[in-house]
Amino acid sequence: MQADATALAQAIAGGRTTSREAMQASLSASKAWESLGAVAYQDADKGLKAADAIDALPHEARRALPFSGVPTLGKDLGGPFAGFPMTAGSRLMARRGGLVDSDLAERFRAAGLCLFGLTTSPEFGLSLASEPAIGPIARNPLAPDLSAGGSSGGAAAAVAAGIVAVAHATDAGGSIRVPAACCGLVGLKPSRGLIPAGPHFGNHLGGIATEIAVTRSVRDTAAALAAFSGTARGPFPPVALQEARDGRRRIGVLSDTGADHPTDAARQAVIEEAARALEAAGHQLVPISFKAVDGLASASRRAFVDIVCLNLADTIARFDLDAGKTEPLTQAVIERGLSLSARSLWQSLNAMVLVSRDLWRLFDDIDCLISPIISSAPRLVGSFPSDHGDTDLHFERMAAFAPHAAIANASGFPALTLPFGADDAGLPLPVQLMAPMGAEALLLQLAGLLEQDGRWQHRFPIAGWPA
């Protein structure tokens with residue numbers, strides 16, 4: 001296995017390097033990769049102070065931390081992290097907040113992670129590209145003319161480039177999984193209610209949004225899940241995590257995303273290849289028709305659109321913010337939210353509940369579903385412009401790029417994406433694994449099997465990794 005955050009933490013805890021040296025390397029890498037646009041805000045002094053605090057701990061205390069002294073970045077949306085004021089990708093916010101840690105931020109620090117900045121997000125997370133008008137534009141380190149994805153595109157770019165080995169990320173409609181897929185990373189959207197969202201969560205986008213991280217390995221994702229999950233204290237019921245068990249599992253295989261939002265041949269073929277790899281490991285394959293999930297996908301996308309539009313409109317009104325300072329697309333999203341009728345919203349929310357019910361029925365016959373997460377190679381920078389007010393066009397572009405991403409958000413089911421090889425241009429070929437609520441251990445177990453094939457190799461080393 002290539003070096004990851006776990007390996008770097010072990011090197012720091014074992015005295016092969018120090019947290020300060022790792023932090024200095026990350027700061028240098030951030031500067032060297034400035035044109036990548038991954039980092040939107042940075043505070044080197046706070047990063048070095050956090051690193052020095054880890055280095056000052058007794059040896060055994062350092063060894064007890066899963067991410068002992070590992071540099072990291074928060075996302076400029078979500079959190080928040082004390083000392084790191086956010087803009088949510090908008091000039092409207094002018095680096096507000098950052099006064100207190102969220103519950104999740106506290107767990108990041110308690111795990112030994114050392115924060116030194118925030119990563120680029122599209123304005124209010126409204127895009128599958130991270131290209132806010134205020135800048136910077138997050139580019140894909142594997143091909144800088146391509147997008148790193150969104151809305152956690154800055155986080156994914158930073159991890160893929162090796163600026164950091166792990167970074168905070170959020171997912172309301174694919175925003176962890178899509179950037180991970182674009183940049184060749186592991187991205188998990190956890191079960192609803194598993195990750196704390198307090199203390200100021202409200203209803204957290206009606207339950208479609210969650211937070212955790214993007215990583216370079218399955219074991220890092222497993223370590224993050226263990227460190228950050230559980231005892232969320234609302235607003236949703238606690239999730240009972242299932243233990244992974246050995247034995248044959250039924251793997252539903254869905255490679256076709258339909259004629260309206262087709263997936264290219266290479267990204268369909270990799271689903272079949274990954275499924276055969278799981279079959280070779282002793283699991284049973286169960287073909288799944290696109291028709292079985294077509295309605296789920298469309299209902300999930302509609303719920304996502306209605307919820308994010310109404311949420312943003314309410315936020316602007318509640319805090320008496322000047323919507324005129326936002327991008328044209330954001331202004332149109334706000335207007336769409338303001339014009340949404342109660343009946344229309346209720347229909348979307350009711351359909352979202354039925355998505356969960358019908359997905360449970362699908363999983364009566366399978367234990368896990370493997371399917372595409374993105375329909376093509378990462379799109380060119382500029383493919384999701386925000387200088388217009390056509391919200392239907394924008395959300396249709398998102399649907400075309402990630403046709404099934406919102407199903408996991410609407411249902412609350414966990415979903416994980418990871419690369420399983422590269423295409424002819426050297427870009428990652430990702431797969432998505434989805435399982436019922438609380439089945440993260442199964443996803444990690446199956447993802448680990450695929451990762452062992454070694455079909456994907458990270459192009460850039462981790463900053464701070466001792467020679």
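The second largest cavity is lined by Leu254, Val293, Leu296, Leu359, Leu362, Leu369, Ser371, His404, Ile407, Gln432 and Met434. A cavity here is a set of points, on a 1 Å grid over the protein atoms alone, where a 1.4 Å probe fits but cannot get out, and lining residues have an atom within 4 Å of a point. The space in this second largest cavity is about 60 Å³; a volume is the space filled by probe spheres set on the grid points, which are joined across faces, edges and corners. In the whole structure there are 2 cavities of 30 Å³ or more.

Please note that this is a predicted model, in which local features need pLDDT of at least 70, side-chain atom pairs count only at pLDDT 80 or more, and totals for chains, interfaces and linings use all residues. Residues are numbered from 1 along each chain as its sequence is written, and side-chain values use heavy atoms, with hydrogens and water left out.

Which elements each supply at least two residues of the lining of the second largest cavity? They are α10, α12, β11 (368-371) and β13 (428-434). Helices (H or I, at least four residues) and strands (E, at least two) are DSSP runs, numbered from the N terminus. By class, this lining has 8 nonpolar residues, 3 polar and no charged. Ala, Val, Leu, Ile, Met, Phe, Trp, Tyr, Cys and Pro count as nonpolar, Asp, Glu, Lys and Arg as charged, and the others, Gly among them, as polar.

I turn now to the two helices. Two packed helices are described by the angle between their axes and the distance between the axes. For α10 (residues 291-318) and α12 (residues 342-362), the angle is about 140 degrees and the axes are 9 Å apart. Axes are lines fitted to C-alpha atoms, for helices over the stretch in contact, and angles run from 0 to 180 degrees between N-to-C directions. The contact residues comprise 14 nonpolar, 4 polar and 3 charged.

Rings of Phe, Tyr and Trp (its six-membered ring) pair if their centres lie within 6.5 Å; planes under 30 degrees apart count as stacked, over 60 as edge-to-face and the rest as tilted. The structure has 9 aromatic pairs. Why is the pair of Trp360 and Phe413 edge-to-face? The ring centres are 5.0 Å apart and the planes stand at 70 degrees, so the pair falls into that class. Trp360 lies in α12 and Phe413 in the loop between α14 (405-411) and β12 (415-422), 53 residues apart.

Next comes the largest pocket, with about 1500 Å³ of space. A pocket is an open set of points with protein on both sides within 12 Å along at least five of seven lines. Of its 46 lining residues, Leu77, Gly78, His200, Asn311 and Thr315 are closest to the centre. Helix α10 gives the most to this lining, with 8 residues. The lining divides into 23 nonpolar, 18 polar and 5 charged residues.

Finally, the backbone. The peptide bond from Gly198 to Pro199 is cis, with omega near 5 degrees, and Pro199 sits in the loop between β7 (186-189) and β8.
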